[in-house]
Amino acid sequence: MIKDITIGQYFPGKSVVHRLDPRVKLGLTVLYIVMLFVASGFLGLGVGVIYLLLAFLLSGIPLKMMLKSVKPIVPIIIFTGILNLFFISSGEILFEWHFIKITTGGLRTMIFMASRIILLICGTALLTYTTSPITLTDAIERILSPLKIIHFPAHEIAMMMTIALRFIPTLIEETDKIMSAQKARGADLDTGNVFQRAKALVPILIPLFVSAFRRAEELALAMECRCYHGGDGRTRLKQLKTAPRDYIALAVTLLFLAAVIVLNIFVKI
Amino acid sequence: MGIIRTENLSYVYGEGTPFRKVAVDSVDIDIDEGEIVGIIGHTGSGKSTLIQHFNGLLKPTSGKVFIDGEELFADKSRLKEIRFKVGLVFQYPEYQLFEETVYKDIAYGPKNMGLSDDDTDRRIKETARLVGLGPELLQKSPFELSGGQKRRVAIAGVMAMEPKVLILDEPTAGLDPKGRDMILRMIKEYHAEKGVTVLLVSHSMEDVAKTVSKILVMNDAKVFMYGDRSQVFARAEELTSMGLTVPQVTRVFDRLRAMGVEFSDEVFSVDYAKDLVMRLLKEKGDVKVD
């Protein structure tokens, strides 16, 4: 169901991972992504797996949620997997039929890329599981704020992201509600060919758009009523502060990154 | 056996997450055909979740639902048929309107049922009359109408499917008193004319008392009681303790009775109260209180 989409879904908790400074956590996620892309072999990815599992265990988020975060991107994984499988022709030929050729190189790349994408999604999902969207955009705003000198609208972008993230669950809920309402009127969303299904979505998308615009208008009005006029001179309720644990986490992450680089140089698998 | 029956029905939201919540807790009810029933309970008592089981939009976590003697989810391919039998009007149904014209929007349900154009046309005209939408409105865009009109179009969209059971979730939410009375009167007329089962979900006792004959009270995901209006309102104190109220006029007459004035009947609506008082005044010249 539509509720399975978990991006931007915060899982409240009090673990070490939850309490990390969001700016540091964002940095760690970037380092983790770098780690995955630097890794040229399966051993390197293995280090990434260990790092991810460690982070998940520390966060106290059930591992089930990790798998759940992968679910929406399964089609992308399959798609890239098929492309890699058929279009990379290096190594020995395993199977040949007319123009289709499957090689060991293709197979290896397919598995490697799929693992990389899955690790990528799980890691970034952990960030959103353990960081509330508001804190996250706060961190982004702080990271981008030096760019204000060149008139980069850091606050506005952060505000837009906060609002967008804030409304994802609302819109999902709304979609669910509209779907239920149209199903109650006999809408058939699950059968038929692609065109019939696309057409069946019209009664859901139109009310959804209408309500999104209505919400946007109401929100803008409500913000203006509370004298919102952009970021100038705004102070914050919660100041971000780094603690020793942030530096420890950073050190551990750098250690893992170093391990991946070392493996790249000395081991070729 | 009634048209809607549940056996030990339970529903849990977010099983296995920190947000786990039991929304409906072992509910056993049996609603007879042709009845007009009010379902009340304060916000979060599980009313809306309960009714979504009646046309198979939600699958029970445990327990069974029978509609017209047929078990829901026993055969998934029958689900669509059952949805045509049980019409469900959601809260703020005007947000589901999408067609270019009112006429087409009302036609959406009947068309999904596979009815012929003639049949659909007949039903649209009939329900439009029932909900008090003039023929001149039918060719307008639903987005041009007023809030109350939109609501009536949305309700008509479900009524046009001529379900055996019509369920309305807070049909009067957010309307002014005039719009509210209009919707309630419309529901009553629809029930009287078609003789079908109607379920009216509300947290307003006043609304419910005016419209229905039986009441189902939900509290904390459980059915607190199901019975005739007078039976339910007789337990005014318990209702108050769960944040519900007995209609004002009923309370006034309960007090009068406690003071020793004789009334033959329970009083649920101001109109009826007026008649009763007028009759008493006529009989006695004036009402004696001792």
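Helices (H or I, at least four residues) and strands (E, at least two) are DSSP runs, numbered from the N terminus. The model is predicted: local features need pLDDT of at least 70, side-chain atom pairs count only at pLDDT 80 or more, and totals for chains, interfaces and linings use all residues. Residues are numbered from 1 along each chain as its sequence is written, chains are lettered from A and ligands numbered from 1 in the order in which they are written, and side-chain values use heavy atoms, with hydrogens and water left out.

**Exercise 1.** Work out how α4(B) and α6(B) are oriented to each other, and which residues meet.

Solution. 
- Step 1: The axes of α4 (residues 117–130) and α6 (residues 177–194) of chain B come within 10 Å and cross at roughly 130 degrees. Axes are lines fitted to C-alpha atoms, for helices over the stretch in contact, and angles run from 0 to 180 degrees between N-to-C directions.
- Step 2: Angles under 35 degrees count as roughly parallel, over 145 as roughly antiparallel, 65 to 115 as roughly perpendicular and the rest as oblique. The two helices α4(B) and α6(B) are therefore oblique.
- Step 3: From α4(B), B:E126, B:R129 and B:L130 meet B:M186, B:Y190, B:E193 and B:K194 of α6(B).

**Exercise 2.** Identify the buried and exposed residues of α10(B).

Solution. 
- Step 1: In α10 (residues 248–258) of chain B, the residues B:V249, B:T250 and B:F253 are buried.
- Step 2: Their arc around the axis is only 100 degrees, so they lie on the same side of α10(B); the arc is that of the directions from the helix axis to the C-beta atoms.
- Step 3: The buried residues of α10(B) pack against α8 (229–233) and α11 (270–284) of chain B.
- Step 4: On the face turned away from the buried side, α10(B) carries the exposed residues B:Q248, B:R255 and B:A258.
- Step 5: Just after α10(B), B:G260 has a positive phi of about 105 degrees.

Notes: Contact = heavy atoms within 4.5 Å. Buried < 20%, exposed > 50% of the residue type's maximum accessible area, 1.4 Å probe, protein only.
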